[in-house]
Amino acid sequence: MIIDAHTHYHASGVLASVFGHLYGHTYGEFKTAKGDDDAHFRLMEERGYDMQIISQPPFTQAHDQTPHIGIGQAKAFNDSMAKGVADSNGRFRFVGSMPLQDIPASVKEMERAKSLGAVGSMLNVDISRRGTGPMPDEEYWYPIYEAASKHDIPLFVHPGSSAMPRHSKYSLALHLGFLFGETEFIAGFIYGKVFEKFPNLKILVSHGGGAIPYQVGRFQASTCPDLKGNKGPRIPIEGDFISNLRKMYFDTCMYSQEGIECLIKVVGPSQVLFGTECPGMGMAKRPDGRSYDNVEDYVRGIDWLTEQQRQDIFCNNAAKFFKIDTAKVGKAAVAAQ
Ligand SMILES: [Zn+2]
């Protein structure tokens, strides 16, 4: 069984309202809308994915806009995704959206999304889109962390679209902006000792945790005893950087086997969930004629994983993390009806 933990649901009616507000074309009301269900189902059938966990497209989160827009779009996406799940024959679950520019409204919407069946909530790493939003260890986020801990709601960390001027070239907002945001989130969260304050938080970081696995030694060194004659580490935290990193979960949405192998080696197979973000920007053609987001090829190609570890990455880790009953997934659920 394969559960794809990372994909986005393009509910075109809601997208049109968000873009209308963002760019001033129209100011239509936010309403429940149908998404690109058929595109998802076609790809899932071709690739053998039994379930996809859908979430709002990150570039539509509009967290730098007014609370009115944030609340409207979050509610419309949650209602649209709940409808998509209900009509999916067990092939979808959803991660809910929050209007993160308004924290009390976010807590309310997180709880409402859970009542609609959401298996988690999506956390944007920079609500300003310009590098000036609160870092993940700031008190701004505590009500979200408290509510997520209280209701046992996993947080899916996914950047929105960067609006930093230097990221406007070459679509860097998507390529570099995402990775930059994930790297910054992990560093801020661990150095800020958030797990010490909220030990029960369940965190899934998208896109393999940005640059962290590849550069982990540099972060690890900052939390280890200093040999320059100082008394302790430069950044003292409970444990060290890697032991905190291994309390988080990561998805495989990276599009290279080398990257996924590095991630699994650094954090361990128990912390990795299969994720593709397809249909999306990874659908370009590889030299072998397949698509870059045929991520199952990379996971199957890692010869040092045991079959149990591979199955954990494909399915069991996601089922455990999001509390999904695999008897109610895709074809298994339809066959049981
Ligand atoms: Zn994504």
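**Exercises: a sheet and a helix pair**

Six of the six residues of β1 are buried, so this strand is largely enclosed by the rest of the structure. The model is predicted.

**Exercise 1.** Work out how β1 is joined to β2, and name bridge partners for I3 and D4.

*Solution.* 
- Step 1. Locate β2: residues 51–55.
- Step 2. Count the bridges. Four join β1 to β2, and the two strands run parallel.
- Step 3. Take I3. Its bridge partner in β2 is M51.
- Step 4. Take D4. Its partner in β2 is Q52.

**Exercise 2.** Classify the packing of helix α3 against helix α4, then describe the contact.

*Solution.* 
- Step 1. Locate the helices: α3 covers residues 67–86 and α4 covers residues 103–115.
- Step 2. Take the geometry. The angle is about 5°, and the axes are 11 Å apart.
- Step 3. Apply the cut-off. Angles under 35 degrees count as roughly parallel, so α3 is roughly parallel to α4.
- Step 4. List the contact residues. Helix α3 supplies P67, I71, A74, K75 and N78; helix α4 supplies A105, E109 and A113.
- Step 5. Sort these residues. Five are nonpolar, one is polar and two are charged.

Notes
Residues are numbered from 1 along each chain as its sequence is written. This is a predicted model: local features need pLDDT of at least 70, side-chain atom pairs count only at pLDDT 80 or more; totals for chains, interfaces and linings use all residues. Two strands pair if DSSP finds at least two bridges between them. Axes are lines fitted to C-alpha atoms, for helices over the stretch in contact, and angles run from 0 to 180 degrees between N-to-C directions. Angles under 35 degrees count as roughly parallel, over 145 as roughly antiparallel, 65 to 115 as roughly perpendicular and the rest as oblique. Two residues are in contact if their C-beta atoms, placed from the backbone, lie within 7 Å. Ala, Val, Leu, Ile, Met, Phe, Trp, Tyr, Cys and Pro count as nonpolar, Asp, Glu, Lys and Arg as charged, and the others, Gly among them, as polar. A residue is buried if 20 or more other C-beta atoms lie within 10 Å of its own, exposed if 12 or fewer, and partly exposed in between; C-beta atoms are placed from the backbone.
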